[in-house]
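Morning, everyone. I have a few minutes and one structure to walk through. Please look at the screen.

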Amino acid sequence: MNLTANKNSQIENVLKQVEENNIEFIRIEFLDYAGVTRGRTIRKNRLRAAMEKGVNFSTAIMSFDVFDEYIPNPMYGANDGDFFAVPDPETFAILPYRKNTARMLCDLVDVDGSLWPGCPRGALKRLLKELETALGGKLYMAYEQEAYLLKEENGKRVPADNSHCFSSDGIDIQEEFIQSFVYSMEAMGVETEQISSEYGPGQVEVNLKYAPSLKATDDQVTFMHVFKQVARSQDLIGTLMPKPFSNLAGSGLHVHISLYNEEGDNLFKDITDQKGFDLSEEAYYFIGGLLKHARSLIAVGAPSANSYKRMQPGSWAPAHICYGSANRSVLVRIPEKRRERRFEFRGADGTCNPYLLTTCLLAAGLDGIKNKIEPGEPMDVDVSSLSEVELLEKGVNWVPRTLDEAIDALEEDTILAESIGREIWEEFIKVKRTESIKFTQYISDWELQVFSDRF
């Protein structure tokens, strides 16, 4: 079946599901560079046209920051016309928590139907094809998200419960939320492998089942929406914010990466590995690329000012650029050998755009493989316990300590710029610079209290 015939078949299948399930409204959605979901809701009689030609949006919407304000010196202005959001039939999902409503994720195309250069999901699809062709296999990913459930109490937001890490008590307390969340995710085609109470009270960790990279990334986008919506329906606040409380654990996002051929062989596995981790040469080169581009990857994966309040030494969040086996103080972790061979990037959080994160991880890994970048020696100690002298001796550098520092690194990373596309790279940097300035200028209650008392 050729591509046109296959697309027509997919469109007809979606339209059939709409009729069979009495769907009246369809949400057409995509993520901007700030990680905010944008979209429109259309009626079912407009769906065929949307899937064939797209739904128009002003290109300027990509030049808004997380505060929903238009940034200074934007790339896209009032005179720059539209792009068109084309729903991907494979992402059609009925929203179990909304009446007669479905959702579709989109690729962004230009007026002539070609991929719009500023489309994050399109950049991922393009780079994924290049990487899988180069490696002769299919790349799989699994997203693992930590998040808090909060409630309003005396005008303040506090943890929804006082549960302990990995306790059954926390799961019992939030049973209604957890079961509704899991059932909703499954109804939308996303499988959760496990859920547990995490380190902080009211904090949970959700492991999504591994899938081909594009599907895994779409699944993470679904997670971001469903977690908040189900919490809201139960008068809770679900947040993926990296560090909601200064005295409690932060919430990270970990991405597991593996590679298989058509026969099901793990191409990142090699039992003759001299380091003893059973990893292939390509796996080490991929890790080498992740470490080489680590500082700029963190700018994309941890793109908020709040992100850098989480990545502190001794916090179980990565504060140093290194890798190791069964070591949760490193940036790239290799699981124990009894588990299937893969590795895990730990330098992201829930404020990122997952499409940009996955694209940049692939770009860094591809650079590592093409240029045979060695990752150096693995770390087998808690890196946060090392002195500055010991870190220097081992060649271990810090992750960026602020958003500005991370963006500085990204601005110098021409390889990522060319891989994800100059338009995306430039506008992402401008959006994040603008957000950083706004955070710097904000006066908190704590700041007012301290300085008004002292001076």
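Helix 11 and helix 13 run roughly antiparallel to each other. Keep in mind that this is a predicted model.

Now, how are two packed helices described? By the angle between their axes and the distance between the axes. For helix 11, residues 403-411, and helix 13, residues 422-441, the axes come within 10 Å. They cross at roughly 165°. Anything over 145 counts as roughly antiparallel, so that is the label this pair gets. The crossing of helix 11 and helix 13 is left-handed.

Which residues make the contact? From helix 11, we have Leu403, Asp404, Ile407, Asp408, Leu410 and Glu411. From helix 13, Trp425, Phe428, Ile429, Lys432, Arg433 and Ser436. Sort them by class and you get six nonpolar, one polar and five charged residues.

Next, the annotated domain. UniProt, in an unreviewed entry, has "domain: GS beta-grasp" over residues 21-113. In the model, that stretch is 8% helix and 38% strand. The C-alpha atoms at its ends are 30 Å apart.

Last, aromatics. How many aromatic pairs turn up in a search of the whole structure? The count is 19. Take Tyr148 and Phe245. Their ring centres are 5.9 Å apart and their planes sit at 75°, so this pair is edge-to-face.

Where are these two residues? Tyr148 is in strand 7, residues 138-153. Phe245 is in the loop between strand 12 (237-239) and strand 13 (253-260). So the pair ties together parts that are 97 residues apart in sequence.

That's my tour. Thanks.

Methods: Residues are numbered from 1 along each chain as its sequence is written. This is a predicted model: local features need pLDDT of at least 70, side-chain atom pairs count only at pLDDT 80 or more; totals for chains, interfaces and linings use all residues. Side-chain values use heavy atoms; hydrogens and water are left out. Axes are lines fitted to C-alpha atoms, for helices over the stretch in contact, and angles run from 0 to 180 degrees between N-to-C directions. Helices (H or I, at least four residues) and strands (E, at least two) are DSSP runs, numbered from the N terminus. Angles under 35 degrees count as roughly parallel, over 145 as roughly antiparallel, 65 to 115 as roughly perpendicular and the rest as oblique. A crossing is left-handed if the near helix is turned anticlockwise from the far one by less than a right angle, and right-handed if clockwise. Contact means heavy atoms within 4.5 Å. Ala, Val, Leu, Ile, Met, Phe, Trp, Tyr, Cys and Pro count as nonpolar, Asp, Glu, Lys and Arg as charged, and the others, Gly among them, as polar. UniProt positions are given in the numbering used here, feature names are shortened, and annotations may be inferred rather than shown by experiment. Rings of Phe, Tyr and Trp (its six-membered ring) pair if their centres lie within 6.5 Å; planes under 30 degrees apart count as stacked, over 60 as edge-to-face and the rest as tilted.
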